[in-house]
Amino acid sequence: TGGERSEEARFRPGQVILGHYTVGRQLGRGGMGTVYLAKDDVSGQEVAVKALPAALARERDIRERFVQEARALAAMDHPNIVPLVTFAQEGDDRFLVMKYIAGESLDARIRRLGVLPPEHARKVLRAVLSALGFAHARGVIHRDVKPSNVIIEGDLAGEHRVFLVDWGIAKKESGDQRLTQTGMLMGTPQYMSPEQISGHAIDGRSDLYAAGLILFEMLTGRPPFDAQKTFTVLRMHVEDPVPDVRAARGTPLPDDLVAMTQLLLRKDPTERPDDATAAIGMLAGTGALPLPRVTPRVTPRETPRTTSVPAPEPTAAPVAMPTDPPLVPTLASSAAAAAAQSTADPLDDPSMDEIRAVRPKRAALWLATLTVAGTVAAVAWGVQSGRIELSGGDATASTDAGGDAPDTDAATISMLLA
């Protein structure tokens, strides 16, 4: 764009800014300005200069965030945070001058290697958590933890240093709310926490979620939630379960790294470690805190089998009911039962014939008795309550004073007595 071309023309290689910094090549560009390699003509030291050009400095929010980044860096002296050299203004332009780290971004290293060895991933994670723990203890939340903001200097198999950079949208937990207005999403969609996406209040545990995303990507070569549409990615962070890191990698992984991935990526921030120091303690080898249990890895054990069999609970003896029995036993049915008994095969067991004849009769008599008793009780209640009027031996269902439909029970009784 025209703004980018004018900025490149103003900050060209060989140009001297702030009196003694000679601009070199461009190192990177972001929403909060452009970073250049420069040389301090006084000390000969190489530095990284982040320039906020006048066009962006006119935006109050951007200008205040730039100043906020300078203050955050000035307050943090930590081995895993790039130190600030100075913050200065020249004309309408503002500059952050930082120590230059001649390293490779974690994002570039993952693209180059595909996946990191587990022990290398552990070293990077511990360094990122250490930087976050230091910042969180001072009330600073990074809000944009991602692989491109992690710089690795040296070989992770030997001498190395890991830095967490770009504190441009860092936020004080009690900072100016104008810089985080409702409806504004600050961060990179692929590395935002569910609470950050939902617009809820965030604390250091939001950064821990992003650290978990970095760990997953170091171990598998890809972020756990990825899609072409930004909205889909945001929804996945809020709703979708975390993919199995072992399955995504395809090779065995140390239990503590698998557990740490699952723990840092919990949707509910209260289920994550309380702070970065606690998370470091959960990594193997420190012994500060017990290793968290990971649900997908828990295999339920079978209940030991025993030779003793518990006695069954007593149940009522089954009653052999006849097919379509008459509601009230009649003399004809009794006579038929007697005839059936008299004509029984002499080879049959007499005791069994008696049981077959007596059980149906007893069941039918009990059923008839209960039916008549229930009917009489219902009629008595209906007459007493005024719901049934007896006239000429007929039962008529009455309606309520409000004109409701006839009562179902009363209508049923009317049919039984008809």
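Leaving aside its neighbours within four places in sequence, which residues is F163 in contact with? They are P79, N80, I81, V82, I101, N149, V150, I151 and E153. Contact here means heavy atoms within 4.5 Å.

First, the ground rules. This is a predicted model, in which local features need pLDDT of at least 70 and side-chain atom pairs count only at pLDDT 80 or more, while totals for chains, interfaces and linings use all residues. Residues are numbered from 1 along each chain as its sequence is written, and side-chain values use heavy atoms, with hydrogens and water left out.

Start with the six-stranded sheet. The sheet is open, and its strands come in the order β1-β2-β3-β4-β6-β5, with antiparallel pairing. Strands are DSSP runs of E with at least two residues; helices are runs of H or I with at least four; both are numbered from the N terminus. Two strands pair if DSSP finds at least two bridges between them. At the edges stand β1 (16-17) and β5 (84-90). Each has a single partner strand, so one side of each is left without a neighbour in the sheet.

Now move inward. Strand β2 (residues 21-30) runs antiparallel to β3, and seven bridges join them. T22 has K39 in β3 as its bridge partner. Strand β3 covers residues 33-40. It is mostly covered, with six of its eight residues buried. Buried means under 20% relative accessible area, exposed means over 50%, and partly exposed lies in between (1.4 Å probe, protein chains only).

On to β4. Six bridges pair β3 with β4 in the antiparallel sense. Y36 finds its bridge partner in V49 of β4. The hairpin of these two strands has five residues between them, and G44 there takes a positive phi near 80 degrees. Next comes the pairing of β4 (residues 46-52) with β6 (residues 93-99), again antiparallel and over six bridges. Here V47 is the bridge partner of K99 in β6. Helix α3 (residues 60-74) lies across β4, β5 and β6, and runs at about 25 degrees to β6.

Two loop residues deserve a look. Most residues other than glycine have a negative phi. L18, in the loop between β1 and β2, has a positive phi near 55 degrees. L18 is buried, with a relative accessible area of 18%. R143 is not a glycine either, yet its phi is positive, at about 75 degrees. R143 lies in the loop between β8 (140-141) and β9. At 7% relative accessibility, R143 is buried.

β9 (residues 150-154) and β10 (residues 160-164) pair in the antiparallel sense over five bridges. A hairpin of five residues joins them. I152 stands opposite V162 in β10. F163 is also in strand β10. It is buried, at a relative accessible area of 3%. F163 and E153 are 10 residues apart along the chain, and their C-alpha atoms are separated by 8.2 Å.

How do α5 and α7 pack? Helix α5 covers residues 118-136, and helix α7 covers residues 204-220. Their angle is about 165 degrees, and their axes are 10 Å apart. Axes are lines fitted to C-alpha atoms, for helices over the stretch in contact, and angles run from 0 to 180 degrees between N-to-C directions. So α5 is roughly antiparallel to α7. That term applies over 145 degrees; under 35 counts as roughly parallel, 65 to 115 as roughly perpendicular, and the rest as oblique. The crossing of α5 and α7 is right-handed: the near helix is turned clockwise from the far one by less than a right angle, whereas anticlockwise is left-handed. On the α5 side, P118, A121, V124, L125, L129, L132 and H136 take part, meeting G204, D207, L208, A211, L215, M218 and L219 of α7.

Helix α5 also packs with α10 (residues 255-264), at about 45 degrees and with axes 11 Å apart. The two are therefore oblique to each other. Their crossing is left-handed. P118, R122 and L125 of α5 make the contact with D256, L257, M260 and L264 of α10.
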